[in-house]
Amino acid sequence: MTAVIPTKDSASRYRIEPTVLQALRSPRLLTREVLAGLVVALALIPEAIAFSIIAGVDPRVGLFSSFVMAVAIAFLGGRPAMITAATGAIALVIAPVAREYGMDYFIATVLLGGLIQIVLALLGVAKLMRFIPRSVMVGFVNALAILIFTAQLPQLFDVPWLVYPLVAVGLAILFLMPRITKVVPAPLVTIVLLTAAVVVFGWSVPNVGDQGELPQSLPELFIPEVPLTLETLGIIGPFALAMAVVGLLESLMTAKLVDDITDTHSRKTREAWGQGVANVLSGAFGGMGGCAMIGQTMINVKASGARTRISTFLAGVFLLVLVLALGDVVAIIPMAALVAVMILVSVATFDWHSIRPSTLRRMPKSETAVMLITVIATVWTHNLAIGVILGVLAAMVMFARRVAHFVTVTRTVVDEEGIAAARYEVVGELFFASSNDLTTQFAYAEDPDRVVVDMTRSHIWDASTVAALDAVVTKYERIGKSVTIHGLNDTAAAFRQRLTGNLETGH
């Protein structure tokens, strides 16, 4: 007797437990969610400020963006417990707008980027994530780490000499603290200790207050004053598109990572739509926009054990409360502390396993080449979207070349009822790359009058293959020989029957 295992329906497949209601009814679960949100909020403050500086805007812009996006995505997102806030990836993409055109164009770019994400979500772009190879994802992460690191270099040139030992001490704390305890985030300990040292000893070093004014009130609606013209669209359009693509890539990749950790399924299309709406809301309140944060999400899900939207919501609320209540303290944080934090973020983000000699020896050269193309293109252009697109294109080309060599054609001459016949067995997947040389694999002049092409172990995927088979048949018929093609499955046979004779063979 065969056991029948029922499959989950769509609703139950995406039902992630514990739910918000379950957490609210359980003091233990609620305490876990609240503490997780507080820890994430503490870790968000230095990074939101640092990413604002990367983008070339006031620290309050990144802080407002992180607050608005975390609260918005808690209600709108498709992946519970994932943290969305201002990120280095988005900051790097849209930084040139703030630098060259000013704040109004910068906010207009964020708004347009969010709208593009909403459109892409409605078009089902989340489903395309399955076509991004792992080598491209690795290149994407490595390039992001390199760009975050290089963005810190301006803070290390033409500065007082005390900055260098402060950065070194900060890095030592960040690397050693997690080995002692993970109860308090190492970035927070680093910032507190270095800030205390600077205040106690009266050292004069660049601080957060030098970078711009911190918020002293709740965020307000911000309507950018830009002309609604094609010229404006030409300025902000490319940056908005890059922001939308990069934000969705990083968010969907992070969602997939959390799915794997928690053994659950999340709604990727809803997550893409939620990211777009959150970016629109962020821009509407003067924020810089962002996407899912891999580091903070891992703190929330893996280190703190959060599983619901409560932790995400409270992370945003706690962030705003801490900044408004402790704004004067945040202003005296030395930039050296933030530089140390961002260097650690870049080191932790980089996939060091991908460049180990043992990994490179085992990995196919084509995979390594795709990864390098993605990294080089991204670092060269400072545009993560361009790097990913070029990486995907390179992966497609290399895959096509590799598969093209997997097709073999074997010829034997047999006796069928006293009549000599040439029998060809075609093995492999036939598409435009592998079928181009198909016509050269037959001995037209040498074969007897009867030819059989066995396609049992191959499959027709496109019109190029049908055209190649038509060309083979035509060549034989021109010299008075008959060809029989058999072994096609029903789908391939129907496909060939529909197209054969209607394609130009070039002969």
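This is a predicted model: local features need pLDDT of at least 70, side-chain atom pairs count only at pLDDT 80 or more; totals for chains, interfaces and linings use all residues.
View 1. Asp263 sits in the loop that links helix H10 (230-262) to helix H11 (268-284). For background, most residues other than glycine have a negative phi.

**View 2. Asp158, another loop aspartate.** Here we're in the loop between helix H7 (134-150) and helix H8 (163-180), where Asp158 is found. Phi of Asp158 is positive too, near 55°, and again the residue isn't a glycine. Is Asp158 buried or exposed? At 83% relative accessibility, Asp158 counts as exposed.

**View 3. The four-stranded sheet.** Read across, the strands go S3-S4-S5-S6, making an open sheet with mixed pairing. Strand S3 (408-416) and strand S6 (482-486) are at the edges, and each has a single partner strand, so one side of each has no neighbour in the sheet. On average, neighbouring strands in this sheet are turned by 20° against each other, ignoring direction.

**View 4. Where S5 meets S6.** Strand S5 (residues 450-460) and S6 run parallel and are joined by five bridges. Look for Val451, which stands opposite Val483 in S6.

**View 5. A helix laid over the strands.** Helix H19 (residues 463-478) lies across strand S4 (419-430), S5 and S6. Compared with S5, helix H19 runs at about 175°.

Key:
Residues are numbered from 1 along each chain as its sequence is written. Side-chain values use heavy atoms; hydrogens and water are left out. Two strands pair if DSSP finds at least two bridges between them. Helices (H or I, at least four residues) and strands (E, at least two) are DSSP runs, numbered from the N terminus. Axes are lines fitted to C-alpha atoms, for helices over the stretch in contact, and angles run from 0 to 180 degrees between N-to-C directions. Contact means heavy atoms within 4.5 Å. Buried means under 20% relative accessible area, exposed over 50%, partly exposed in between (1.4 Å probe, protein chains only).
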